[in-house]
Amino acid sequence: MHLEKIQVEDFRNLKSVSVELHPELNLIYGDNGSGKTSFIESIHYLGFGRSFRTRKPKSVISLGQSVFTVYGQLNNDNSSIPVGISKYSDQRTKIRIDGKDIDRVSDMVKLCPMQLYTPQSTELLTGSPAFRRSYIDWGLFHVEQSFLTDYTRFKRALTQRNALLKNTQSGKIELDFWSNEYIGGGLIIDEHRLSNFEKLVPYITRYLKQFLNSFDVQIDLYRGWDSSTSLQDAVQGNFEKDRKFGFTQSGPHKADLRLKVDKKPITEFFSRGQLRLTSVALQLAQAHFLKDTKAANCIFLIDDLSAELDSKARSAFMEAVTNLGSQLVVSAIDKNDFGEFYQYENKKVFHVEQGEVNEETY
Ligand SMILES: Nc1ncnc2c1ncn2[C@@H]1O[C@H](COP(=O)(O)OP(=O)(O)O)[C@@H](O)[C@H]1O
Ligand SMILES: [Mg+2]
């Protein structure tokens, strides 16, 4: 799967952009403030249904406008699928796939597996466990048919249970009911994560070896509670605490991915550069796993390459993405910043200037 064409309207400073992308490599360069990140952000909407810069879609709509639209033409085994998303200032979202109106953003997201790499990507390792849960769950969402439904059910039970815990008036029968729902739903999520993690680890190990050869990184999945007890016992054991805080203390919503070198968390051991390589390795592992499991190709977006990877890492990244057959869209301020990527022949180069994106002939 790759993106053949992208059309963007009233998206930040991009008034009206229409470009045909290269199935392999796309290099996007332009001055600060020209619209590079906005362009990457618009493509990201097709793969995630949201921005990576803001929680408020309204701030993405061009000033003075009331709606933005991102339209893409996906190519899957030589057949074209048009997909589009519009976000209105009154919060409405409109999704179209193949000419039909669709209710769920997830239907579009499912069609466009994407990985995004930005200067902030080391948050995957240094940030809260929520980043790492999203990482794990991204793969589950794309690979496991029932994951989204199961996850929605689990989250609903968690929300209900937390609301009851906060309310001192709530009755035991109701609380027991939602606690059971929560445990039941939680065990399903836990099972998905455990079985997926087991399959993903060899891919992670392989890419870590490639990018950080001399380190032996141990990876563990923390399930969200002390796994020497059952989830049921953990939840029962925490009941008084849960009541006190008005929040369920343990369970899959607390899960985490733990990476260590010599028993030390990598965040305390690795340099900034090594953490970058680790997040690249993790992303490539998901893409490769998805490809082997669903024969689906993931699109890689890299924003602001210049600030990021050194020459050796760029070559290794390019080689890995090429081997996977993934499409790559990379932005940088200057053409020179692309380094090794620029040597690659099968590519298109685009110049961004004041919100306009133009293909360069060279
Ligand atoms: N909602 C908006 N409407 C119009 N312009 C915007 C909006 N949000 C941001 N911008 C502007 O878009 C321009 C491009 O930003 P950005 O894509 O981050 O540039 P780059 O990544 O090339 O440095 C900036 O000048 C920014 O102020
Ligand atoms: Mg930028």
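Two strands are taken as paired if DSSP finds at least two bridges between them; strands (E, at least two residues) and helices (H or I, at least four) are DSSP runs, numbered from the N terminus. This is a predicted model in which local features need pLDDT of at least 70 and side-chain atom pairs count only at pLDDT 80 or more, while totals for chains, interfaces and linings use all residues. Residues are numbered from 1 along each chain as its sequence is written, chains are lettered from A and ligands numbered from 1 in the order in which they are written, and side-chain values use heavy atoms, with hydrogens and water left out.

**Hairpin**

Strand β1 (residues 2-11) pairs with strand β2 (residues 14-20) in the antiparallel sense, over 6 bridges. Lys5 stands opposite Glu20 in β2. The hairpin of β1 and β2 has 2 residues between the strands, and Arg12 there takes a positive phi near 45°.

**Six-stranded sheet**

An open sheet of 6 strands has the order β8-β12-β13-β3-β14-β15, with mixed pairing. Its edge strands, each pairing on one side only, are β8 (114-117) and β15 (356-360). From one strand to the next the twist averages 20°. Strands β3 (residues 25-29) and β13 (residues 328-332) run parallel and are joined by 5 bridges; the bridge partner of Leu27 in β13 is Val330.

Helix α1 (residues 36-48) lies across β3, β8, β12 (299-302), β13, β14 (347-353) and β15, and runs at about 150° to β8. Axes here are lines fitted to C-alpha atoms, for helices over the stretch in contact, and angles run from 0 to 180 degrees between N-to-C directions.

**Ligand 1**

Ligand 1 is surrounded by 16 residues, of which the closest are Gly33, Lys36, Thr37, Ser38 and Ile61; a residue counts as near if one of its heavy atoms lies within 4 Å. The table gives polar contacts, that is, pairs of N or O atoms within 3.5 Å.

| Residue, backbone atom | Atom of ligand 1 | Distance |
|---|---|---|
| Gly33, N or O | oxygen | 2.7 Å |
| Gly35, N or O | oxygen | 2.9 Å |
| Leu63, polar atom | nitrogen | 3.1 Å |

**Three-stranded sheet**

A further open sheet has 3 strands in the order β9-β10-β11, with antiparallel pairing. The edge strands, β9 (217-222) and β11 (264-265), each pair on one side only. Strand β10 (residues 256-261) is joined to β11 by 2 bridges, and Val261 stands opposite Lys264 in β11.

Helix α4 (residues 129-143) packs on this sheet and touches β9 and β10, its direction making about 105° with that of β10. Helix α6 also packs on the sheet, touching β9 and β10, and its direction makes about 165° with that of β9. Contact means heavy atoms within 4.5 Å.

**Helix packing around α6**

The axes of helix α5 (residues 147-166) and helix α6 (residues 172-211) come within 8 Å and cross at roughly 145°. This crossing of α5 and α6 is left-handed, meaning that the near helix is turned anticlockwise from the far one by less than a right angle. The residues of the contact of α5 with α6 comprise 12 nonpolar, 6 polar and 7 charged. Ala, Val, Leu, Ile, Met, Phe, Trp, Tyr, Cys and Pro count as nonpolar, Asp, Glu, Lys and Arg as charged, and the others, Gly among them, as polar.

The axes of α6 and helix α11 (residues 311-324) come within 10 Å, crossing at roughly 145°. Tyr207, Gln210 and Phe211 in α6 meet Ala313, Ala316, Phe317, Ala320 and Leu324 in α11. The contact of α6 with α11 has 7 nonpolar residues, 1 polar and no charged.

Technical notes: Polar contact = N/O pair within 3.5 Å; in protein donor to acceptor, adjacent residues only side chain to side chain.
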